[in-house]
Amino acid sequence: NDNTQNEKTYAGYGLLRFGSDNLLGNMPLDGNIGVRVVKTEASADGGSIVPSSPTCDEITNATCAAAKAFAAGGTIVSGSTKSDYTDVLPSLNLRLHVTPQLQVRFAASKAIVRPTLSQLQPYTALGFDFTTSGTTTVYNGATGTGGNPNLRPIKSDQYDLSAEWYFAPTGSLTFAVFRKNIKDYIFTDTATERYTSNGQTFDFEVMRYYN
């Protein structure tokens, strides 16, 4: 197949570093706070692939005849897909020196993971399922698989807290906990999609990626 995809990103960010030598007594504190703004523009060109003519007996099965006529219609072209989205990604990092050997870190940020090019493929492959036994032909349904060029990135609000004890020049013991709130997770699901070719219309159970 022909899989043409384009992606452009535009990003700007700012960062402020800060610190204090004697916060909460004699415990130094330092860190940084920042924000990153990212705009993504994506486009994809592709289509749907009409299945090859199914192996079945169209004389004894009207659905088989319709499926063969559908396949004879050629490739269904879905055209171009374009999308754009902007993400604002703030971050905060803090480090507190409780003692010269013990420090505590805290971090909070927003992050994104864009869908892969494989998941964004703008195609749909269709197929028919017939079973023939003797002179009997049974239609078992129509299925398909495909990508989804309209996917959005996975988003995460993430928080990290750690305590680090440096008990020797070459030794340390670290305890860390984290939490990530994820949304727009990418998963596979099946939905009914209707396609028409050569005057024949079929419902296909198509599996593809969704947020």
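Where is the place of Asn 148?

A: In this predicted model, Asn 148 is placed in the loop between β6 (136–146) and β7 (154–168). The residue is buried, because its relative accessible area is 11%, which falls under the 20% limit for that class. If residues up to four places away in sequence are set aside, Asn 148 touches Gln 119, Leu 120, Gln 121, Tyr 209 and Tyr 210.

The largest pocket holds about 190 Å³ of space. It is lined by 15 residues, and those closest to its centre are Ser 78, Thr 81, Pro 122, Thr 124 and Pro 149. At least two lining residues come from each of β2 (27–49), β3 (76–97) and β5 (123–133).

Together with Phe 106, Tyr 159, Phe 175 and Val 177, Leu 161 forms a nonpolar patch on the surface, with about 460 Å² of accessible area in total. Two or more residues of this patch are given by β7 and by β8 (171–183).

Charged pairs form a further part of the picture. Side chains of opposite charge can pair when their charged atoms come close. The model has 7 salt bridges. Glu 164 is buried, because its relative accessibility is 8%, whereas Arg 105, at 32%, is partly exposed.

Another salt bridge joins Arg 95 to Asp 30, whose closest N and O atoms are 2.7 Å apart. Since Arg 95 belongs to strand β3 and Asp 30 to strand β2, the pair ties together parts 65 residues apart in sequence. Arg 95 is partly exposed, with a relative accessible area of 25%, and Asp 30 also counts as partly exposed, at 23%.

A salt bridge is formed as well by Arg 194 and Asp 203, with the closest N and O atoms 2.7 Å apart. Here Arg 194 counts as exposed, because its relative accessibility is 61%, while Asp 203 is partly exposed, with a relative accessible area of 35%.

How values were computed:
Residues are numbered from 1 along each chain as its sequence is written. This is a predicted model: local features need pLDDT of at least 70, side-chain atom pairs count only at pLDDT 80 or more; totals for chains, interfaces and linings use all residues. Side-chain values use heavy atoms; hydrogens and water are left out. Helices (H or I, at least four residues) and strands (E, at least two) are DSSP runs, numbered from the N terminus. Buried means under 20% relative accessible area, exposed over 50%, partly exposed in between (1.4 Å probe, protein chains only). Contact means heavy atoms within 4.5 Å. Patches are made of residues with over 30% relative accessible area and no salt bridge: like charges are joined within 9 Å, nonpolar side chains (Val, Leu, Ile, Met, Phe, Trp, Tyr) within 5 Å. Accessible areas come from the Shrake-Rupley method with a 1.4 Å probe; for residues, only the protein chains shown count as cover. A salt bridge is a side-chain nitrogen of Lys or Arg within 4 Å of a carboxyl oxygen of Asp or Glu. On a 1 Å grid over the protein atoms alone, a cavity is a set of points where a 1.4 Å probe fits but cannot get out, and a pocket is an open set with protein on both sides within 12 Å along at least five of seven lines; lining residues have an atom within 4 Å of a point. Grid points are joined across faces, edges and corners, and a volume is the space filled by probe spheres set on the points.
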